[in-house]
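Subject: Structure handover

Hello,

My notes on it follow below.

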Amino acid sequence: MELRNQLESPLFTHFISDYTQPVGPDLLGRTEDFFRWQESRRETGLWPFSRSLVAAPEAECGVRNETGVARQGLNFGSQDYLSLSTHPEVIATAHRAIEQYGLHSAGSAMLGGNTTPSLMLEKALAEHLQMPHVALFSSGWGAGFGTIAGLVRADDHVVMDALSHQCLQQGAMAATQNVTRVPHLNNRAMRRKLQEIRAKDTRNGVLVVTEGLFSMDSDVPRLEELQAICHEYGATLLVDVAHDLGSLGPRGTGVLGAQGMLGKVDLVVGAFSKTFASNGGFLATRSPAVRQFVRTMGGPHIFSNALLPTQAAVVLEALRIVRSEEGEALRQKARANILALRGAFAERGIKCMGEPSNVVPVPVGDAKVARLASKLVFERGVFANLVEYPAVRVRESRFRMQVMSSHTEEQARHAAEVVHAAIEEARSLVNPQARPSRAARHEERLQAEV
Ligand SMILES: Cc1ncc(COP(=O)(O)O)c(C=O)c1O
């Protein structure tokens, strides 16, 4: 059946959230509804998730979807922001580390899993962040989750920016029921909430959680003001810098460096998986006691095997590059690509969300249009991740394009052209009566003139 005849079926109208609360005594059997729905999306090319790369995450690469269909094309879906995962010196470092330390960390960080490169990395990161005490985790998820779950107890409070990453949300919910979400980037609402909490409770801790760069919206908080508000109410601020550290700011110091806040925020957590060519994450703090407490009390550090020695060595080398002139050049190259991509969308009447960063959110809105457009974009050889509810609000589906230093501006412009055309085509399929957008009319006129 043609897809346009199925626009009112669950294929288009349901979201993952329709299946997250299955009921019934059969824990295994009750997964079937979700699976059937997911299969129907897979079979029709409308399931854009869990794709695999057939080679390194370079600007052009082969991608295979979950049904095995492969395409060669432009990769705007990898978070290798400075393209360090294929940098010759980073690769050489990995080879040397394997030779010297073997493959495995062979223990949790508490039980012999630390290695010479991991100790060196802790020191180097501490210097980079101007926070003297660093604890490593084997994933960015573990760092966010483990830091919150390690510090916060049932009677404490966590107040989070409503769009905080799931590792932060789940860490908070695992620690206490006193979790509140304040509207995104709204420092006034944060102040009101802290005031309200402190009016009733001065005995327990309050943790405020935000991110350096929000990865679905590409926007940033005003950290100096937020930190001051936290201190006014005896609260502790935690900032997750997973997406901005290394890729933004002077010498790759991220939003903290750009806002003059290096060493001035209570707690910093982050991930190596966006810019530092490896999995892994960290907590940075000014307090040796906090470091030791979280290492021991935060589950992922003590009960999960440590970062591999190769990973630690790779991150260390990536950090060296990030801080060097070469790193600056890579950031500038990425920025030129980012501006080219955003500019090409703007010419077509699409205003990308947020501020220029390696994350370029391209708003689509309607979920049906976005699903169809995502299928078309893949078929036409551009890999851009679709983000839909519940990761973002229902009518705020979007493409999250991720730009790397290894892209060219030409590739960025071409990708924008393909994505824009797919959105227009999907819109006309979903709503044939709709007047073509101003941008589509503009393009038609241009084509007619040629
Ligand atoms: C803000 C934030 N924190 C933590 C993580 C988790 O990092 P990792 O994928 O390295 O575990 C992510 C990953 O997407 C993220 O965006």
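A polar contact here is a pair of N or O atoms within 3.5 Å; within protein, one must be able to donate a hydrogen and the other to accept it, and residues adjacent in sequence count only if both atoms are side-chain atoms. The model is predicted: local features need pLDDT of at least 70, side-chain atom pairs count only at pLDDT 80 or more, and totals for chains, interfaces and linings use all residues. Residues are numbered from 1 along each chain as its sequence is written, and side-chain values use heavy atoms, with hydrogens and water left out.

Domains first. An automatic or database assignment sets the bounds: domain 1 is 3-75 + 330-449, and domain 2 is 85-323. Their C-alpha centres lie 29 Å apart.

Now the interface. The two domains bury about 1,300 Å² between them, 54% of it on carbon and sulfur atoms. Buried area is the accessible area (1.4 Å probe) that two parts lose on being put together, summed over both. On the domain 1 side, Arg-331, Glu-355 and Arg-400 lose the most area, together 38% of what that side buries.

Polar terms next. Eight residue pairs are in polar contact across the interface, both residues at pLDDT 80 or more. There is one salt bridge between the domains (side-chain nitrogen of Lys or Arg within 4 Å of a carboxyl oxygen of Asp or Glu). Asp-217 and Arg-398 form a salt bridge at 3.4 Å, N to O.

Best regards
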